Amino acid sequence: MAAIELSEETKREVERIGSADLVVGIAGAVAADELRSRVEPIVAELGSGLASLRIVFTWAGPASGEATGGDAEENAGRRMALLPFTPPASASGEFWAGVSAHQRTILAVAASLNARACIVLGADLAALQTHVLQLFAYAVLDRQCVAAMPVYPAGRYDGLINTGILSPLNRALFGKRIHYPIAFDFAASGGMCGQFLRQSASSNGTGQPLLWPVTLAATQFPQQGIGEVHVNVHHRVAAEGLELSAVLSQIVGSLFQEMEQYAPQWQRVRGSQATPVWGNAPAERSGGEAADPQPMLDSFLLGSRNLDEVWRLILPPNVLMELRRLTRVAPDAFRMPDELWACIVYDFALAYRLRTISRVHLLGALTPLYLGWVASYIQEVSQLGGAALEQRHEQLARAWEEKKPYLLSRWRWPDRFNP
Amino acid sequence: MWEQVEQSLHSSMVRVMNQVATLLPGILAFIVAFLLFLLIGWLVALVVRRLLMLFRFDERMGRGANAIAEWSPRATPSMLVSRVVFWCFVTAGVMVGVSAFEAGTSEHVVSQWILGYVPRIAGAAVLLLAGNVLARFVSRSVLITGVNLNLSYARLLSMGARWMILVLTGAMVLDHLALGGEIVELGFGILFGGIVLALSLAVGLGSRDLVSRSLEREAARPVDVPQPEQIHHF
């Protein structure tokens with residue numbers, strides 16, 4: 001985990017405010033006027049439970065004098081303050097690195113203010129709604145959850161990296177059935193913010209660029225629960241110009257790094273626990289037309305024709321044989337078994353740890369396999385909806401859990417599987 | 001006459017045996033010095049590696065370690081340092097061995113030639129190693145990027161990149177060893193020039209129609225209204 005150092009201006013602002021019960025942070029730059037106009041009615045709407053709390057809204061913006069006109073002082077009587085923080089130096093990183101840098105700074109601000117809870121929201125302000133804040137605050141303050149993650153309304157073909165890798169892998173590793181282990185919006189308890197700050201201070205500043213709240217909560221507070229809240233929000237992700245392989249490398253590479261760091265903890269975890277979910281699940285989003293899997297299938301086949309020499313270094317012979325068999329089946333019958341997909345990702349995680357090949361190459365070589373899984377998945381779920389889709393996700397996650405002994409064996413005795 | 005032949009052969013044999021006997025102490029001195037330095041090098045490298053591990057050298061190197069690992073995944077900074085120490089001792093062993101050989105015999109030509117050539121060999125070995133690592137890294141990068149860009153000729157590109165670097169490395173190594181003289185430079189120039197010319201001709205003549213058809217098609221194509229994507233990976 002990278003060390004967090006708040007800027008002098010931010011520290012001065014924090015000292016001026018002193019302390020807070022709840023910190024609501026916007027993970028990105030927003031206009032101070034817009035934020036103020038959105039925040040004031042929300043504070044007015046907050047229920048009796050939250051109305052007594054001292055709430056600090058923080059966001060990446062210029063120093064207080066220019067931006068807030070001394071709001072921290074002005075609103076002190078109303079138990080609400082605005083606190084801009086200096087954007088972190090690593091905030092300009094690619095895709096999620098910038099979001100994570102802001103999220104880490106917000107947790108550090110909350111820890112410095114000795115807040116009882118911290119709610120982090122996306123920079124598009126889509127989740128800056130009264131009931132979302134109420135739900136997150138309820139989960140952390142009233143139900144004593146160490147962290148609360150969102151459950152977004154997702155279509156059949158939305159968030160496939162999350163569905164196919166992040167969520168099932170996280171669940172298998174840490175035993176928490178969390179839908180979105182990395183998210184724009186989440187809440188953390190004061191204890192978790194403090195732990196985060198201590199951990200980042202003790203790091204040598206050369207670590208993990210992304211923030212995984214679930215990992216932190218599950219490894220540092222194994223006895224405390226993690227909750228989920230339904231958030232009826234669809235964040236706009238600027239996908240233009242983003243290359244799939246680069247995003248996949250960044251996010252999956254970061255999760256593999258977490259696996260390496262927390263290996264002693266996740267090796268002790270068996271099975272998984274359901275997490276409490278609060279809020280009302282939004283109405284099912286219409287799935288629209290069935291997607292065409294052919295481009296993804298073509299990418300997988302191209303990969304299997306060309307990347308065999310790379311895959312051979314990473315995957316054991318039985319997995320390679322299964323993949324070769326898949327290249328021969330008809331496009332309509334193309335199905336990648338969940339167990340095979342889980343083994344593939346586990347093998348890549350192991351190769352990442354052992355540095356079998358360059359990590360850049362390793363993560364690049366995962367993309368065609370991921371697209372193969374996507375082709376298989378979208379063929380399977382094209383006719384599914386609602387509960388059946390949820391059941392399919394559950395089946396996938398269970399397969400990952402069942403294959404965890406395979407990961408454990410390979411992690412502990414990597415050479416046993418290689419000829 | 002037969003006796004004369006026999007005598008002459010005998011005297012030649014005696015001269016050869018004398019020469020060998022003169023060289024033997026030198027060769028023995030070389031082997032002993034070399035083996036001694038090999039053993040010392042191995043021991044010192046082992047001690048250095050243990051010490052570096054004790055002081056968590058790899059972890060302290062931080063980002064530098066990651067950069068090394070990207071190029072040569074299984075190498076860690078401590079391993080690299082210990083190997084450098086080992087090979088320094090091996091080189092020193094060769095030098096001392098040659099000096100010992102020189103002291104043990106009256107032959108100075110061999111030692112002078114070897115001592116003069118050792119730096120060239122060492123430089124060439126470093127070049128060869130660096131070229132091979134670079135060729136492997138670049139070819140794999142090109143292959144994976146090409147596949148992820150859905151290029152059906154990704155393997156061809158990767159092989160091309162690999163061989164370009166290997167040929168360049170080969171030419172540099174031969175040049176460094178002063179082998180082949182101008183033939184290497186000339187041959188390399190002709191080879192590289194030939195490849196570039198062949199590619200230019202292939203694109204300029206062979207694909208002329210293809211390029212023009214493609215450009216016409218692009219110009220005639222109506223402006224696409226971007227359709228919302230059905231699949232969202234993130």
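Begin with helix H1 of chain A, residues 8-17, where Thr10(A), Glu13(A), Val14(A) and Ile17(A) are buried. Turn the view to look down the axis of H1(A): the buried residues fall within an arc of 100°, so they line one face of the helix. An α-helix has 3.6 residues a turn, so residues three or four places apart point the same way. Now select Glu8(A) and Glu15(A), which are exposed on the other side of H1(A). Please bear in mind throughout that this model is predicted.

Then display chains A and B together. Here 23 residues of chain B are in contact with 32 residues of chain A. On the chain B side, the elements that give two or more residues are helix H3 (63-71), helix H5 (109-148) and helix H6 (154-176). Colouring the chain B side by residue class will show nine nonpolar, nine polar and five charged residues.

Finally, return to chain A and select Phe348(A), which lies in helix H16, residues 338-354. Is Phe348(A) buried or exposed? Phe348(A) counts as buried because it has 24 C-beta neighbours inside 10 Å, and the cut-off for that class is 20 or more. Leaving aside residues up to four places away in sequence, Phe348(A) touches Ile314(A), Leu362(A) and Leu366(A). To close, draw a distance between the C-alpha atoms of Phe348(A) and Leu366(A): these residues are 18 apart along the chain, and the separation is 7.7 Å.

Terms used:
Residues are numbered from 1 along each chain as its sequence is written. Chains are lettered from A and ligands numbered from 1 in the order in which they are written. This is a predicted model: local features need pLDDT of at least 70, side-chain atom pairs count only at pLDDT 80 or more; totals for chains, interfaces and linings use all residues. Helices (H or I, at least four residues) and strands (E, at least two) are DSSP runs, numbered from the N terminus. A residue is buried if 20 or more other C-beta atoms lie within 10 Å of its own, exposed if 12 or fewer, and partly exposed in between; C-beta atoms are placed from the backbone. Two residues are in contact if their C-beta atoms, placed from the backbone, lie within 7 Å. The arc is that of the directions from the helix axis to the C-beta atoms. Ala, Val, Leu, Ile, Met, Phe, Trp, Tyr, Cys and Pro count as nonpolar, Asp, Glu, Lys and Arg as charged, and the others, Gly among them, as polar.
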